[in-house]
Amino acid sequence: MADPMRDTRNSGMLDEVREGLSRRQKELSPKFFYDHRGSELFEAITALPEYYLTRAERALLHARAAEIERATEARALVELGAGSADKTRILLDAMVAHGSAEMYAPVDVSESFLADSAARLAGEYPSLTITPVVADLTAGFAPPAGMPRPALFAFLGSTIGNFNSMAAVRLLTRIRAAMRPGDSLLLGADLRKEIARIEAAYNDSGGVTAEFNRNMLVVLNRELGADFHPDAFAHQAFFSDVDGRIEMHLVSSREQTVHIPGMPPVRFADGESIRTEISCKYDRAGLESMLERASYRLTHWYERDEDGYALILAVPAT
């Protein structure tokens, strides 16, 4: 029997893929990385020596989690793009120690990976209500009904950098729409630093990031019946100083034509690329401006100078 929900999801996916691959610079959304295998690969990336972002953010969370909980008095933690929820434990431990922890609501697009991590956390925190939410943040989401307030909405990993300025403001606005007075947003953001260090984080020597990048084509083959040959695309990541961001691409190693049912054939020239991800790097002024445009007020800024990474606490502007 056909799954009508799957058909609807795949129809929306096909529309996005058709539009992205028809652009002059072919482009696909990074959300298509995240099937179960893609989520596993990303977790492996976060442990790589070149990938400083996760270590920097974890160090900041360890140093500031208790202070963040005192500032927010959060009874619920909503983690946006939760993945394995590894860093979540630092915030949950602070909430438990403060005596306020009641609910954890991880939000992610990968249903199976989300279920696995939620099950693990349920065993570790038996007093918490754990309610996973399968959702695409770019399309909006609703927190669990009856969720205790105030809530802390955590958007970590500098995931906000995967969106250009206008799209980031739209996403932050969608998150604010799910918030109530008294709720807070905890945002992780990578700051500008030496280009060589930034580029190394997206070009690891073990090739894990390259496999992660090509996994997007595996997802499209499975979900849409496409006939991409992942090995015919090379991973490329570079820093654009003009745009202040890393760009990740899949570069065609030859002339080829890809067929995806429901859309015209997609032709690639030798050396032509698909942009699969951007990762913007920020300064404080840029982040404050972005938050203000989405109607937030910045209340706390936490930064470790040696890491070039920041955690920002903000509340909906009144």
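A charge is taken to sit over a ring if NZ of Lys or CZ of Arg is within 6 Å of the ring centre and within 35 degrees of the ring normal. R197 meets this description, lying over the face of Y52 at 4.6 Å from the ring centre. A second case involves K26, whose charged end sits over the ring of F268, 5.1 Å from its centre. The model is a predicted one, in which local features need pLDDT of at least 70 and side-chain atom pairs count only at pLDDT 80 or more, while totals for chains, interfaces and linings use all residues. Residues are numbered from 1 along each chain as its sequence is written, and side-chain values use heavy atoms, with hydrogens and water left out.

The ring of F268 also brings in the aromatic pairs. Rings of Phe, Tyr and Trp (its six-membered ring) are paired if their centres lie within 6.5 Å, and planes under 30 degrees apart count as stacked, over 60 as edge-to-face and the rest as tilted. Nine aromatic pairs are found by this rule. In one of them, the ring centres of F233 and F268 are 5.3 Å apart and the planes stand at 85 degrees, so this pair is edge-to-face. Helices (H or I, at least four residues) and strands (E, at least two) are DSSP runs, numbered from the N terminus. Because F233 belongs to strand β8 (residues 233–240) and F268 to strand β11 (residues 266–268), the pair ties together parts that are 35 residues apart in sequence. F233 and F268 are both buried, where buried means under 20% relative accessible area, exposed over 50% and partly exposed in between (1.4 Å probe, protein chains only). Elsewhere, ring pairs link F33, Y34, F42, Y51, Y202 and F212 into a cluster.

From F233 the description passes to the neighbouring strand. Two strands are said to pair if DSSP finds at least two bridges between them. β8 and β9 run antiparallel and are joined by eight bridges, with F233 standing opposite S252 in β9. The two strands form a hairpin with four residues between them, and in the turn G244 has a positive phi of about 65 degrees. β9 (residues 245–252) is largely enclosed by the rest of the structure, because eight of its eight residues are buried. In a regular strand the side chains alternate between the two faces of the sheet. In β9, R245, E247, H249 and V251 lie on one side and I246, M248, L250 and S252 on the other, and all are buried. β9 also pairs with strand β12 (residues 273–280) in the antiparallel sense over seven bridges, and L250 has I274 of β12 as its bridge partner.

Strand β2 (residues 76–80) gives another view of burial: five of its five residues are buried, so β2 is largely enclosed by the rest of the structure. A76, V78 and L80 point one way, whereas L77 and E79 point the other way, and all are buried. Parallel pairing connects β2 with strand β3 (residues 103–108) over five bridges, and Y104 of β3 is the bridge partner of L77. Parallel pairing also connects β2 with strand β6 (residues 151–155), here over four bridges, and V78 is partnered by F153.

Turning to the helices, α2 (residues 36–46) and α5 (residues 111–124) pack at an angle of about 55 degrees, with their axes 7 Å apart. Axes are lines fitted to C-alpha atoms, for helices over the stretch in contact, and angles run from 0 to 180 degrees between N-to-C directions. This makes α2 oblique to α5, given that angles under 35 degrees count as roughly parallel, over 145 as roughly antiparallel, 65 to 115 as roughly perpendicular and the rest as oblique. H36, S39, E40 and E43 of α2 make the contact with S112, F113 and D116 of α5, contact meaning heavy atoms within 4.5 Å. A118 is also placed in α5 and is buried, with a relative accessible area of 6%. Leaving aside residues up to four places away in sequence, A118 touches I130 and P132.

R149 and P150 are joined by a cis peptide bond, with omega about 0 degrees, and P150 is placed in the loop between β5 (133–134) and β6. S158, in the loop between β6 and α6 (165–177), has a positive phi near 55 degrees despite being a residue other than glycine. S158 counts as buried at 2% relative accessibility. S295 has a positive phi near 70 degrees, again in a residue other than glycine, and lies in the loop between α9 (284–293) and β13 (296–304). At 29% relative accessibility, S295 counts as partly exposed.
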